[in-house]
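Q: Can you walk me through this structure? I would like the overall numbers, then a few residues.

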Amino acid sequence: MTTAQPPQNAAPGFTPSPVEPLAHQLLATLAQHRMATTHQLHVLLRPDRTRQSVSQQLNTLRRDHLVDFAVLPQAYRSRVWYLTPKAARLTRDWPALRGRPPYPITSGSAASLKTPHTLTVLRTHLAFVTDARRRGDEHGHLDWTPEVFHMIGDGERIVADAVMHYTLTSGEHRRKLRAFIEVDRTTMSSERLAAKLIEYARLWSYEPPAMGRRRAASPGWLRWYPVFPRVLFVLTGANRPTLRNRISDLKAMAAQHPLVADFARDVRLGAAVLEDVEEHGATADVWVPLAGGERRPWSEL
């Protein structure tokens, strides 16, 4: 397995602007990601400062009734922070968040129900953020949008765990990439996980009906994306043989289902183990191409 190396003359790692107040960035991040631990907020927003500086600002926001927290008993009593309804209303119309459903969390008990999956999705985001900083790429705290849904016909919709925006940089060359992210904690059957590929294939092929005298319909996803995003599955929560079997089932779906097979010839599809992404870097050779081939970086699927 090859660990990704930063390109020569890599630009300084992309971090949130210190010009924008930390309090504003904390509120925007919690509005975007629903909830986060103190450690995650520290890594995401102020990796070059002390964790205490982030904690102090969070406590100030709590005194102002803008954020609150629940305690994670299985994680050394770590705090997981979320917006109060007051802050959810305040941030709703911020330009960077316009169009995001509010989904406010109104209590610690409500937060605890969403915590395991939400924090694992954010943990995945942090793996990409850390790798981007090391390489000098652009991928920040608002370049990862959780819970994005699109209609796929017959009154049904697909909900992606996240949509990622990422800019690879090499000197003056910039390459903009997008990906749908599916985070699997091994809480559903392998068959149901593989069936997510059918939903993405339906989104890829779905053409909304033309209205009135409008011209012929085009793929619905063109409303949001210039090219169809990659689809990346990130797996965790089980032993290695189990995770390998789940990746094999994804590959089988990509090969055997007619619509998914067509989809796989047009769209880059990959799967990786979260712990490998964290250890070796998101741009290391840890991604299994679901259409076949050797492990490679997600950007080269």
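A: Below are the overall numbers, then some single residues.
A: This is a predicted model, where local features need pLDDT of at least 70, side-chain atom pairs count only at pLDDT 80 or more, and totals for chains, interfaces and linings use all residues. Residues are numbered from 1 along each chain as its sequence is written, and side-chain values use heavy atoms, with hydrogens and water left out.

Q: How many helices and strands are there in the protein?
A: The protein has 9 helices and 9 strands. These are DSSP runs numbered from the N terminus: helices are H or I, at least four residues, and strands are E, at least two.

Q: And what share of the residues is buried?
A: Of the 301 residues, 48% are buried. Buried means under 20% relative accessible area, exposed over 50%, and partly exposed in between (1.4 Å probe, protein chains only).

Q: OK, aspartate 137. Where is it?
A: Aspartate 137 sits in the loop between helix 5 (108-135) and strand 4.

Q: Why does aspartate 137 count as buried?
A: Because its relative accessible area is 0%.

Q: What lies 3.0 Å from a polar atom of its side chain?
A: The backbone nitrogen of threonine 169 does. A polar contact is a pair of N or O atoms within 3.5 Å; within protein, one must be able to donate a hydrogen and the other to accept it, and residues adjacent in sequence count only if both atoms are side-chain atoms.

Q: New topic: which strand holds methionine 151?
A: Methionine 151 is in strand 4, residues 144-153. It counts as partly exposed because its relative accessibility is 39%.
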